[in-house]
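Here's a quick briefing to read alongside the model. Have the sequence and the 3D view open as you go.

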Amino acid sequence: MKLLIASDIHGSAYWCEKMLEAYKAENADRMLLLGDILYHGPRNDLPRDYAPKQVIEMLNAISDKILCVRGNCDTEVDQMVLDFSVLADYSVIFDGKITMYLTHGHHIDEIEFEKGAIVLTGHTHVPVVEQRENYTYLNVGSVSIPKENSAHSYMILENGEFLWKDLENGEVYLRFKA
């Protein structure tokens, strides 16, 4: 199974459309969204083409392909307009070899992770691979508001390999083999 993993769309219709184009081009089976879907947040500038209603329409069109966890900017009112669940603080996927925890990252210290797990997050808008005491921490970066000179990004998971890709040109800029 091929997964496209992304985070921090923050209501940008422009970057959401780019992400959906990548999803189609990658021929991914499912999309994992790690939160902050519609609202830009009080600490962020408005992202390019901020249009949450357009983002709602685009994502609802593929709602049966999306697994999403709640970000710090996601609320009950977002759930009222989105056709997929957005309010779970985390989710766990086990593919027979790897246990993956999906969480936005703003409550990461409150979750007890299985030893050897992969923890997928967004929140900081900075792509990272980091071995921590009991798990491997992977941050996908941000679709719409990258920070620390990182690329607008998404991640592909296929055959146990995580690839961080630049949303503007599709180039791989970081890899991790589980």
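**Aromatic pairs and their surroundings**

Y14 comes out as partly exposed, with a relative accessibility of 21%. Keep in mind that this is a predicted model.

**Ring pairs**

- Searching the whole structure turns up five aromatic pairs.
- One of them joins Y14 and W15 edge-to-face, with 4.8 Å between the ring centres and 85° between the planes.
- F162 and F176 make a tilted pair, 6.2 Å centre to centre with 40° between the planes.
- That pair ties together parts 14 residues apart in sequence, because F162 belongs to strand β10 (residues 161-166) and F176 to strand β11 (residues 172-177).
- F162 is buried at 0% relative accessibility, and F176 also counts as buried, at 18%.
- Y90, Y101, F113 and Y135 are linked by ring pairs into a cluster.

**Helix α2**

- Helix α2 covers residues 52-60, and its buried residues are V55, I56, M58, L59 and N60.
- What do the buried residues of α2 pack against? Their partners are α1 (13-26), β2 (30-33), β3 (66-68) and α3.
- As background, an α-helix has 3.6 residues a turn, so residues three or four places apart point the same way.

**A buried histidine**

- Look for H104 in the loop that runs between β5 (99-103) and β6 (117-121).
- Is H104 buried or exposed? H104 counts as buried, with 0% relative accessibility.
- The H104 side chain has a polar contact, at 3.1 Å, with the side chain of D36.

**A nonpolar surface patch**

- V77, M80 and V81 make up a nonpolar patch on the surface.
- Together, these residues have about 300 Å² of accessible area.
- M80 is located in helix α3, which spans residues 76-81.
- With a relative accessible area of 69%, M80 is classed as exposed, because that class takes values over 50%.
- Helix α3 also turns up among the elements that the buried residues of α2 pack against.

Terms used
Residues are numbered from 1 along each chain as its sequence is written. This is a predicted model: local features need pLDDT of at least 70, side-chain atom pairs count only at pLDDT 80 or more; totals for chains, interfaces and linings use all residues. Side-chain values use heavy atoms; hydrogens and water are left out. Patches are made of residues with over 30% relative accessible area and no salt bridge: like charges are joined within 9 Å, nonpolar side chains (Val, Leu, Ile, Met, Phe, Trp, Tyr) within 5 Å. Accessible areas come from the Shrake-Rupley method with a 1.4 Å probe; for residues, only the protein chains shown count as cover. A salt bridge is a side-chain nitrogen of Lys or Arg within 4 Å of a carboxyl oxygen of Asp or Glu. Helices (H or I, at least four residues) and strands (E, at least two) are DSSP runs, numbered from the N terminus. Buried means under 20% relative accessible area, exposed over 50%, partly exposed in between (1.4 Å probe, protein chains only). A polar contact is a pair of N or O atoms within 3.5 Å; within protein, one must be able to donate a hydrogen and the other to accept it, and residues adjacent in sequence count only if both atoms are side-chain atoms. Contact means heavy atoms within 4.5 Å. Rings of Phe, Tyr and Trp (its six-membered ring) pair if their centres lie within 6.5 Å; planes under 30 degrees apart count as stacked, over 60 as edge-to-face and the rest as tilted.
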